[in-house]
Amino acid sequence: MTAPGSRDEDFGARLSFDRGARGRRAVDVPAWSGVQTPLPDSHLLRDSVRLPEMSQGELVRYYTALSARNYGIDSGTYPLGSCTMKFNPKVNDLIAFLPGFADAHPLAAEEEAQGTLRTLWELRRGLAEITGLPAVSLAPAAGAQGEFAGVLMIKAALEDRGELGRRRRILVPDSAHGTNPATAAMAGFAVTHIPTADDGSLDRATIERELDETVAGVMVTVPNTLGLWEWGIEEVADLIHDAGAYLYADGANLNAIMGRVRYGDLGFDVAHLNLHKSFSTPHGGGGPGAGPVCCNDELAPYLPTPIVVEDDGGVVRLAAPERSIGQLQQFHGNAGVLLRAYAYMRALGLDGLRAVSGQAVLNANYLRVLLHGHYDLPYDLPVLHEVVFSGSRQRRQNGVRTYDIAKRLIDHGFHPPTVYFPLIVEEALMIEPTETEPPEAIEALAEALIAIAEEAERDPDALHDAPVTAPIGRLDETTAARRPFLRWQDPGAVKS
Amino acid sequence: MPSSTTVGSPHPYIPATDADRKRMLARVGVDELDALFADLPAAFRDPNIDLPPALTEPELIALLGARAAENAASSRLSFLGAGAYRRSVPSIVSHLTSRSEFVTAYTPYQPEISQGTLQSGFEFQSVVCELTGMDISNTGLYDVASATAEGCLLAARVTKRSAVALLEPIHPGTAEVVGTYAGGAGLNVDRLSSADELTDEHACLVVQQPDFLGTIVDLEPLGLRVHERGGLLVTVADPFALGLLQAPGDAGADIVTGEGRDLAGAPAFGGPSLGLFAAGLPYMRQMPGRIVGRTRELRNAENSGEEPRTGYVLTLQAREQFIRRERATSNVSTAQALIALAFTIAVQALGPRGLRESAELCYQRAHDAARRVAALPGYEVPERGPWFQEFLVRGPVPAGELAARLSRRGITAGLDVSNRAEPEARDSLLFAVTEATPDGHVDALVDALASIGDEV
């Protein structure tokens, strides 16, 4: 016998559905001893559901074995560029799970939910201060939903100005996150891509040429996805406003500038934040996050519903802005995530948030100089929170791809950085250490990447086999997409 | 708050000490931290920002502990449902979903060290397909309402139609969100009181199961109606009720959405929530969100002497924003993975028998409570057909007044639905009683209603 998850077992071949035995159960359900009401007519009912039958201990072991086949921030350095994988303070979880917060029903009277609402109100005020954008809705569940809200707000404002008919384009840099163009399209706009200039900033000549009466808005990530400051963004903001369009900030990279410069002061009209990035809430394997949308007074009437307001009697209430684009969720957003973000903001204060951005930027630059010369650096400039190297030299000289480098990093005990993004950097390695990594971890990461560069020259073929220490080797993604196998199938059933 | 000039690290979350920083700055070649921000425009650098002072961990716990206690959630009896229900969540759920390898990972971009998240995602897809009777599921969206909106967008894409129909009674929040998303796509939203109002312009008919007033819907005739018109049937189903009710896929649904939050854990003021999204095979390449697929290692058995093992990867990514950009099926990136894990474990812990028993217990308890209320002088429970866990109560005083009198007795009444168009909802409150409502709470409700009746 082998323990679940031992390297000898083909662990992934057996799902929970294939384990346990008929008749086992993990929980029992109280019997009903009262008056029996007949069930509805049988055509409205089902026969049974196929689900695993496991004892409590078996189920706990199965998911514990699965957790051991995962790597999180608590496991080690996780320098995934653009994702701000910082340490998640545990006290934030403790607070969100307090029964008073956890048990609050979303439709409870506001007077009965003042603990949550007061906290959200203070978070809202804090985010307004940090972004320099006075109006905030905490409703969006994630960054992409915040983006969607922001672009819909621009759309609604243009409609009220009577200009939506002709303003059908959103300008997006070619270095942007994929969510930006996808969001613009979801909101019904055409997308025009703006090239990046040699200094890593938006190409000014293209912006000036494209800005006309057909442009609704421009979406810009600050700092940009190269980890560089967007030169002259405050002047570009004036150009955009002179042309009658709005300037949107993708706030995914707020961690670089918290407490040091504000979107509102730079001339941005609207921004979304990713609280699961800059504000330390756990990423959860892909959520839940929170993507508040912040804006200036002009766009405030269009914010998504609800916003949190304090009435004259000091009671905090949920409200619908006058010209709101509407609700984004059935209820009020990911309150449990927002409580964690509030706890983080209060644990740091302004000096702490400035220390965060300061150290995040220092760590990225420290890594930049440690790796300098070992990998190509297409934009060889001091950076902010992240640095984008390129594996193009290794590809050209050794036939080793960034993909191989990333996989070998796993064997060195690290989560790989973001790869092949931004799209404008060939063989991109986008590294964001965050402020919560100690210098020793950054040095160890640099040493590992240097050792891999040397291995690429010495024994490139070995890199194609990486990783060799992970619970599983490289997987056949091509076949996965060509012959999709997307759910458990009863092995006893006839194969089609 | 020690400033960054003091010796040591500036905060427990930031490890670098002053000595570390000095050494690192020297290596980078600048004198001070602020020099790293020289690119930021000087006119806007280091603005005044008004934030409350920092708190130590004990101070933070004290402050937010007091805040949590200000919420009345723990001290009142509540019969609110209307989209968020009290459930008996197995204890192993919070235990397993607190494991930091799950909690502190991100989207599984590196499958070799993310099999925990990926295989769990495949488990989730399998559970959702079994519950809904559908062919495919994604790994979850934000919540039921946004998932339903995505379902409407999918239907509009595949039918190339520009209107969607919602059948009343549907949760007003769901209808609102469909309206928001439809506004982006330029779709019209029609709210129908009967499927007779469907036209050939409608991309889909959205039907809530059980409906917003708690009634179990016979989906099959509705599926036939919308299919005759060339549209899709989108069912918004309570996954817990599907322990008892016919799988929507067996009744002709093309897309099934649902809310997974309640089975996953506490209501938490409505979020984090979890949108379920399942569909028929023809819509596989139109699905929004992340999808996990099963595959095998690339290793060559002849070279390595070992058979390739089974593993899981994110797949069908050509639909997604980071590849397809403005031509993506949705802009969704981060969704609600950890809540999906909790949902999966909860459903699997219940298992086939537990889920059915639990759903039946919910049904029995709710009907028993309704019967006791209906037996009180001055009260009636208007029925619109078979129902699951929510019932309408019309009392001897107007609905708002009844809720206020219950509130004075420490009881949060069901939602006031007296302003709705359905005749049964006139003057009524919508009460939810589930398998997790303590017996004593129902007793207290019945006593309170009786005493209110006596006052009139």
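View 1. In strand E14 of chain B, B:Leu429 is the bridge partner of B:Asp416. The model is predicted: local features need pLDDT of at least 70 and side-chain atom pairs count only at pLDDT 80 or more, while totals for chains, interfaces and linings use all residues. Residues are numbered from 1 along each chain as its sequence is written, and chains are lettered from A and ligands numbered from 1 in the order in which they are written. Helices (H or I, at least four residues) and strands (E, at least two) are DSSP runs, numbered from the N terminus. E13(B) and E14(B) (residues 428-432) pair in the antiparallel sense over two bridges; two strands pair if DSSP finds at least two bridges between them. The open sheet has three strands in the order E11-E14-E13 (chain B), with antiparallel pairing. E11 and E13 (415-416) of chain B each have a single partner strand, so one side of each is left without a neighbour in the sheet. Helix H13 (residues 399-408) of chain B lies across E13 and E14 of chain B and runs at about 45° to E14(B). Axes are lines fitted to C-alpha atoms, for helices over the stretch in contact, and angles run from 0 to 180 degrees between N-to-C directions.

**View 2. The two domains of chain B.** Domain 1 (77-85 + 351-455) and domain 2 (91-344) make up the division of chain B, with bounds from an automatic or database domain assignment. Their centres, taken over C-alpha atoms, are 30 Å apart. In domain 1 of chain B, 23 residues are in contact with 16 residues of domain 2 of chain B (contact: C-beta atoms, placed from the backbone, within 7 Å). Helix H12 (337-374) and strand E11 (390-394) of chain B each give two or more residues to the domain 1 side. H12(B) gives the most to that side, with six residues. By class, the domain 1 side has 13 nonpolar, four polar and six charged residues. Here Ala, Val, Leu, Ile, Met, Phe, Trp, Tyr, Cys and Pro count as nonpolar, Asp, Glu, Lys and Arg as charged, and the others, Gly among them, as polar.

**View 3. Where chain B touches chain A.** This contact takes 166 residues from chain B and 162 residues from chain A. H12(B) gives the most to the chain B side, with 21 residues. The chain B side has 83 nonpolar, 52 polar and 31 charged residues.

**View 4. A seven-stranded sheet in chain A.** The strands form an open sheet in the order E1-E7-E6-E5-E4-E2-E3 (chain A), and the pairing is mixed. E1 (135-137) and E3 (190-194) of chain A are the edge strands, each pairing on one side only. From one strand to the next, the twist averages 20°. E6 (residues 270-273) and E7 (residues 293-295) of chain A pair in the antiparallel sense over three bridges. A:Val270 has A:Cys295 in E7(A) as its bridge partner.

**View 5. Helix H12 of chain A.** Seven of the 10 residues of H12(A) (residues 402-411) are buried, so this helix is largely enclosed by the rest of the structure. A residue is buried if 20 or more other C-beta atoms, placed from the backbone, lie within 10 Å of its own. Among the buried residues are A:Thr402, A:Ile405 and A:Leu409. Their cover includes helix H11 (392-398) and helix H13 (439-458) of chain A. Just after H12(A), A:Gly413 takes a positive phi of about 95°.

Notes: Contact = placed C-beta atoms within 7 Å. Buried ≥ 20, exposed ≤ 12 C-beta atoms within 10 Å, placed from the backbone.
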